[in-house]
Amino acid sequence: MGDLQEEDEVLFERRGHLGVVTLNRPKAVNALNHGMVKAMLRQLVAWADDDSVQTVLVRGAGDRGLCAGGDIVAIYKDMLHGGTETAAFWADEYRLNLLISQYPKPYVAFMDGLVLGGGVGVSAHGSVRVVTERTRTGMPETTIGFVPDVGGTLLLSRAPGEAGTHAALTGAHLSGGDALFLGLADHFVPSDSLPALAAALESSTAEAAVERFAQAAPDSTLAAQRGWIDPAYAYDDAEEIVRSLREAGGEAASAADTIEAKSPTSVKVALESLRRVRGATLEEALDQEYRVGLRCLAGPDFREGIRAQVVDKDRNPQWKPATLADVQASDVEGYFAPLGERELGLASLGAKTT
């Protein structure tokens, strides 16, 4: 492969029969930008047709995590100038997510440390998804005035009971055990065994290598909370969900507090997104997420949420509208309206990923 350039933001390497993708922005917990996504698309397409590559591994540089999500500071700066670059970034990112879901070879993702938002997109659609005791994953988009994307709405809609709805609306950080319960991961491997597992993947099949190192996963907190999660989140109305959570009390009431601190618009649009993708294909879900995403770029809460979390860091976003009751059904409906010529069109174009 030649010398690897340390300044490259995503590195590609061949080790035996293994193609290794290393997200290489450790200071930013490997947050994804457009260049990284385009490079991954090109390399994965090339390796798909390369008979000498039998397995692909995706991992993150540094010790903080696989990927903390999309580069939201870059998105914020782009929003100040019209958001066109972000729209192009998402279009390619969603094509990458779809390619990963359809990949013809074992696609192994080390979901160690932080795996949030876009990090879920480059891992949870893979065929061999490995979590550790350090895993902290989730779709925290409602915290920044956005909505789960990268196919996350579909993944969470498929989770047992209403656990995925809870994860989407609260933006909770989830453990490895929770990720396994939700269906976002397949195997638990202790983090100190990952280097040995990576080495085994160079010569063994993915199945045989993972079998050598996998262990029983710790219990899922979410699974233990289904007694109050499932009935409270069964409603299709966010205000009814909050009311039900408050009636349940205890942990459920805390979840209600969490939801009411998020962008009210994002909470309602996220709930509607999950309900609409039940039974959908990934292509259909990504097309819907693209529609919703472009509407978020044009609205006030996404910019305000990023400002409050990572720009000014005052953690005091001023949402517009300010409460769930102020968000009208017609407001929510508008997020799902067709985009015309701007449609992503993965479902209608035969799901071309290149």
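R243 and E247 both sit in helix α12; about how many helical turns separate them, and why?

A: The model is predicted. R243 and E247 are separated by about one helical turn, because they are four residues apart in helix α12. The two side chains form a salt bridge, with the closest N and O atoms 2.8 Å apart. Side chains of opposite charge can pair when their charged atoms come close. R243 counts as partly exposed, at 32% relative accessibility. E247 counts as exposed, at 61%.

This pair is one of 22 salt bridges found in a search of the whole structure. D236 lies in the loop between α11 (226–232) and α12 (238–248), and its partner R275 lies in helix α14 (residues 264–276). In this salt bridge the closest N and O atoms are 2.7 Å apart. The pair links distant parts of the chain, 39 residues apart. R275 is buried, since its relative accessible area is 13% and the limit for buried is under 20%. D236 counts as exposed, at 56% relative accessibility.

A third pair lies toward the start of the chain. The side chains of E9 and R25 meet in a salt bridge, 3.6 Å from N to O. E9 lies in the segment before β1 (10–15), and R25 lies in the loop between β2 (18–23) and α1 (34–48), so the pair ties together parts that are 16 residues apart in sequence. E9 counts as partly exposed at 34% relative accessibility. R25 counts as buried at 18%.

Next, a strand. All five of the five residues of β5 (residues 107–111) are buried, so this strand is largely enclosed by the rest of the structure. In a regular strand the side chains alternate between the two faces of the sheet. Both faces of β5 are covered. Y107, A109 and M111 are buried on one side, and V108 and F110 are buried on the other. β5 runs parallel to β3, joined by three bridges. β5 also runs parallel to strand β7 (residues 128–131), joined by four bridges. A109 in β5 has V58 opposite. R129 in β7 also stands opposite A109.

Now the open spaces. Rolling a probe the size of a water molecule over the atoms shows where empty space is left. The largest pocket has a volume of about 690 Å³. It is lined by 32 residues, and A68, G69, G70, I72 and I144 are the closest to its centre. α2 (72–79), α3 (84–101), β6 (114–116) and α16 (300–311) each supply at least two residues of this lining. By class, the lining has 17 nonpolar, eight polar and seven charged residues.

The second largest pocket holds about 230 Å³ of space. Of its 15 lining residues, R59, G60, F110, D112 and L194 are the closest to its centre. F110 is also one of the buried residues of β5. β3 (55–60), β4 (65–67) and α8 (194–201) give two or more residues to this lining. The largest share, three residues, comes from α8. By class, the lining has five nonpolar, four polar and six charged residues.

Last, the record. An unreviewed UniProt entry annotates residues 19–336 as "domain: Enoyl-CoA hydratase/isomerase". This span is 51% helix and 10% strand, and its end C-alpha atoms lie 38 Å apart.

Methods: Residues numbered from 1 in each chain as written. Predicted model: local features only at pLDDT ≥ 70, side-chain atom pairs only at ≥ 80, totals over all residues. Heavy atoms only, no water. 1 Å grid on protein atoms, 1.4 Å probe; cavity = no way out; pocket = protein on both sides within 12 Å on 5 of 7 lines; lining within 4 Å. Points joined across faces, edges and corners; volume = space filled by probe spheres on them. Nonpolar A, V, L, I, M, F, W, Y, C, P; charged D, E, K, R; others polar. UniProt positions renumbered as here; feature names shortened; annotations may be inferred. Buried < 20%, exposed > 50% of the residue type's maximum accessible area, 1.4 Å probe, protein only. Pairing = 2+ DSSP bridges. Salt bridge = Lys/Arg side-chain N within 4 Å of Asp/Glu carboxyl O.
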